[in-house]
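Please walk through this structure with me.

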Amino acid sequence: MSAKFVHLHVHTEYSLLDGLSNIKKLFKHIGENNMDAVAITDHGELYGAIEFYKEGIKQGIKPIIGLEGYVTTSLTEKVKDNYHLTLLAKNIAGYKNLMKLTSIAHIEGFYYRPRFTNEILKKYSEGLICLSGCPAAQIPQSLINENYLEASKLAEFYLDVFKDDFYMEIQRHNYESILPDIKIPELKSDLERVADNCKKYEDGVIKLSREFGIPLVATNDAHYIKKEDAPAQDALVCIATGKNVGDIKRLRYIDNPDFYLKTPDEMQKIFSDIPDAIENSVKIAQKCELEITLGKWFFPKFSLPKGKTPDEELRRLSHENLKIIIPKSGKEEEERLNYELDIICQKGYSPYFLIVMDLARWSNEQGIITNTRGSAAGSLVSFVLGITTINPLLYYLPFERFLNPYRPSPPDIDFDVADDRREEIIKYISDKYGHDKVAQICTFGRMLSRAAVRDVARVLGYPYATGDKVAKLIPPPKQGFPITVPKALEEVSELNDMYKSDADVKKILDLAIQLEGSARHLSVHAAGVVVAPTEITDYSPVQLEPSGDKIITQYEFHTCEDVGLIKFDILGIRNLSILGAAIKIVEERYGTKIKINDIPLDDKKTYEMLARGETMGTFQLGGSGMTKFLKELKPTRIEDLMAMVALYRPGPIQQIPEYIKRKHDPTLVKFLDKRMEKFLGASYGLLVYQDDLLFCALDLAGYSWEEADKFRKAVGKKIPEEMAAQKEKFIKGIVDNGQTGKFAEDLWKLFEPFQSYGFNKAHAASYGLVAYQTAYMKANYPVEYMCALLTAESNDTDKITEAINECRRMDVKVLSPDINKSSVGFDIEETVDSSHKKGIRFGLSAIKNVGNAAIDAILTERNKEKFKNFLDFLERVDGRRVNKKVLESLIKVGALSDFGKRSQLLKVVEEYKKYSGKALKNENQNELFSLSDLNSTSLKFDNLMGQDIDEFTDEEIQTVKS
């Protein structure tokens with residue numbers, strides 16, 4: 001190592017909103033300044049550790065993994081003594097101990113900051129290098145407080161624990177040099193105090209170093225890459241703390257723009273009087289020889305029959321189930337099954353399939369509706385094991401799109417599940433494999449362009465309207481891809497004109513460009529769950545989710561893959577909850593057990609309903625645009641629905657009119673090349689799926705699956721250079737395989753609509769099947785399906801309104817809420833007012849302001865005896881839970897109308913609400929109020945209820961409901 005200096009105290013963007021440095025740019029800067037190692041020491045977490053490690057290896061610069069931890073004197077006492085401490089991993093043992101420490105700090109010691117004690121640090125000290133820390137660390141704070149004895153004891157403790165791997169950290173941020181330029185007295189006073197504290201800290205650290213023989217090491221507390229980035233860092237911290245740049249009393253980076261990645265020459269000049277502090281940074285870097293295993297998969301332990309290997313068990317189950325699932329299976333099925341099994345076993349993925357099979361089996365046994373997203377439905381092994389519900393041979397679904405010998409990563413089987421039962425599945429996984437081995441995956445919210453503009457405008461002190469006006473000129477994300485500020489300046493002339501002519505707008509946008517894309521906050525991934533073979537902290541640090549008690553990884557989705565954790569993508573889908581609830585209602589009411597995967601796929605009633613455009617509440621088929629096309633298409637087979645799911649997207653949508661024409665007029669069906677008929681036959685000769693492009697490359701251009709995979713990725717990413725190279729290769733392959741250059745060019749043009757937007761065929765098949773299943777239930781069990789839908793959407797007023805309107809159109813009677821009849825959710829009741837001879841009773845949970853506590857109080861009393869009148873209701877329910885707001889809401893929606901007019905009841909509430917619950921009895925407790933009080937109340941109640949008060953008109957009822 002030829003470096004003159006190594007930065008060992010560096011914050012990246014993963015010191016959320018307290019670091020600006022993008023990791024890729026950071027390493028580029030380190031390389032340009034001839035430094036061959038650098039550390040990451042973010043605040044209390046390891047969020048960016050693997051990204052940092054990978055980028056360092058990629059750029060040929062040694063990545064040193066560390067963190068700036070928070071030390072406390074007690075995890076049990078609520079004291080804000082969060083002292084900083086710099087820790088670096090020498091080796092894999094040190095890296096694992098960093099993961100343990102940050103996990104303990106988050107889960108056991110979090111109080112404003114994730115904290116651990118020195119005792120915990122001692123337990124997990126192996127393989128770590130410890131630096132005494134910045135001025136906010138424990139030893140420096142003792143020195144600043146002029147308690148040298150305490151600082152000495154702490155130094156002795158760290159020296160005893162870390163031996164030769166403990167260093168006195170020294171920083172010089174030169175506050176004295178900026179003081180003459182500070183004109184604001186209050187600010188100058190604060191900075192003078194900081195300068196004085198830094199002097200005490202430095203003198204004390206040097207003294208301790210010489211007294212105890214502890215080597216010094218120089219660091220620079222780097223929060224951004226270049227000196228000119230200081231204003232952006234300052235704005236970032238203002239965004240985090242809710243301050244304005246002009247505020248004095250705050251953490252400020254603007255006065256002393258010194259917290260950047262200085263060059264070795266700059267650092268040597270600053271520490272010229274103690275050159276050993278510079279030299280020791282290099283020696284520490286040389287000590288760090290961490291190698292993290294990436295790209296190797298660590299499967300959870302799956303229970304197997306004695307003497308069986310995962311490969312043997314997978315083959316046995318697959319062949320046994322093939323005869324059960326496809327009784328008439330023959331040579332084609334056997335060959336496909338063995339082909340898939342050979343690849344799965346060869347790549348070592350048998351345990352994964354067994355684990356997913358078990359998960360699917362358990363979900364099915366519990367009546368939880370599941371579906372697979374993505375390309376997994378292309379696997380016959382998955383189908384016979386019950387993981388997927390689509391026979392890939394029936395729909396020409398390729399296994400290789402899901403898994404092929406050249407794919408470097410393990411198969412990815414993504415589950416959609418009923419959203420009201422997702423937590424049950426996660427609990428099953430945790431119970432089966434161990435709660436210490438399972439975590440949900442984190443994800444990072446980032447500062448996108450519009451938000452960055454608004455935030456920057458605010459912290460710069462501009463009125464909200466200024467930032468809002470500029471932000472609204474930036475186009476919204478397209479297909480999930482955000483539009484950056486530079487891109488918006490290219491595309492939106494009005495924004496570009498403002499940028500050039502308005503100095504304020506230029507200032508806002510220039511700063512927003514520096515901030516956009518930065519990691520802003522941590523949250524829970526909507527789907528991802530990982531399972532480890534041993535404790536999860538052997539592979540990823542964990543923490544509690546920011547707003548709850550779920551254990552989540554500190555590594556995001558792709559990083560979990562990098563370190564070899566097996567992940568399950570389990571996404572809650574509302575339509576699957578509705579489907580499952582409708583099936584349950586049918587079974588409970590009629591004893592009919594519907595096996596949703598065995599329903600006929602040629603149900604005439606279902607297709608006729610869709611052809612009429614009655615799509616509300618069906619999966620993937622609702623909405624005005626899709627409904628319009630379905631009415632024109634008049635679907636008659638499941639393949640039509642699969643195609644519509646795939647085509648109703650930007651780009652491919654232009655194919656829909658032609659698809660409809662060809663369906664209704666077979667003479668229009670044609671194939672550009674006869675070799676295309678086998679994969680385009682079901683879609684009338686049209687390119688519909690991403691797979692169609694791959695089959696063209698395979699069958700017409702002579703690609704292998706390895707080449708086709710690269711082709712798919714290039715098309716998906718739309719990178720011009722890659723696309724140009726692929727086009728040249730594709731055209732050559734087409735010509736070499738018997739077609740003309742013009743044919744190849746024309747075919748390539750047909751690919752353009754599918755760039756970034758094409759669905760793979762297995763995904764469309766799975767979604768098309770669920771779309772059909774929801775439509776089947778709605779067509780054949782309309783009241784039951786709409787009842788399930790209303791219950792599932794009970795918290796969404798707009799969707800409830802839409803569903804009620806749909807019920808009216810279907811002649812399904814929706815009965816008003818009734819305090820003596822309504823359940824928590826919507827229920828079915830017999831009625832003569834409908835052609836269906838049954839209606840749906842409005843559920844209490846769908847009434848605004850009526851929460852679970854109030855519902856529980858009401859139903860607890862009603863289960864004893866129905867309410868006789870309004871006073872009886874008021875006397876019996878718990879007034880703390882059924883408060884005035886709840887009462888008014890119940891009255892306004894008509895839930896108490898059997899007891900009187902809404903207008904009367906609302907007048908009564910004010911007078912009699914104070915008596916609500918007063919007649920309740922608790923165990924071993926007498927009545928809280930005397931009988932005479934209640935008799936008096938009853939008389940007043942009778943008087944008021946007897947008054948002739950006009951009921952509200954329909955218009956007034958709508959007003960009071962709101």
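Is helix α26 (residues 638-647) largely enclosed by the rest of the structure or exposed, and why? Helix α26 is largely enclosed, because 9 of its 10 residues are buried. Buried means under 20% relative accessible area, exposed means over 50%, and partly exposed lies in between (1.4 Å probe, protein chains only). Helices are DSSP runs of H or I with at least four residues, strands are runs of E with at least two, and both are numbered from the N terminus.

This is a predicted model, in which local features need pLDDT of at least 70, side-chain atom pairs count only at pLDDT 80 or more, and totals for chains, interfaces and linings use all residues. Residues are numbered from 1 along each chain as its sequence is written, and side-chain values use heavy atoms, with hydrogens and water left out.

Back to the helix. The buried residues of α26 are I638, D640, L641, M642, A643, M644, V645, A646 and L647. Their cover includes α24 (604-611), α25 (624-633), α27 (656-664) and α33 (761-780). Contact here means heavy atoms within 4.5 Å.

Now the whole chain. It has 41 helices and 17 strands. Its C-alpha atoms fill a box of roughly 100 × 95 × 75 Å along the principal axes. Of its 962 residues, 56% count as buried. Take the contacts between residues at least 6 apart in sequence: 73% of them join residues at least 24 apart.

Next, K262. Where does K262 sit? Its place is the loop between α9 (230-241) and α10 (264-270). K262 is buried, with a relative accessible area of 2%. Leaving out residues up to four places away in sequence, K262 touches H7, M35, R172, N220, M267 and I270. Its side chain also joins that of D258 in a polar contact of 2.8 Å. A polar contact is a pair of N or O atoms within 3.5 Å; within protein, one must be able to donate a hydrogen and the other to accept it, and residues adjacent in sequence count only if both atoms are side-chain atoms.

Last, H84. It lies in strand β3 (residues 83-89). H84 is buried too, with a relative accessible area of 14%. Y95 is 11 residues from H84 along the chain, and their C-alpha atoms are separated by 19 Å.
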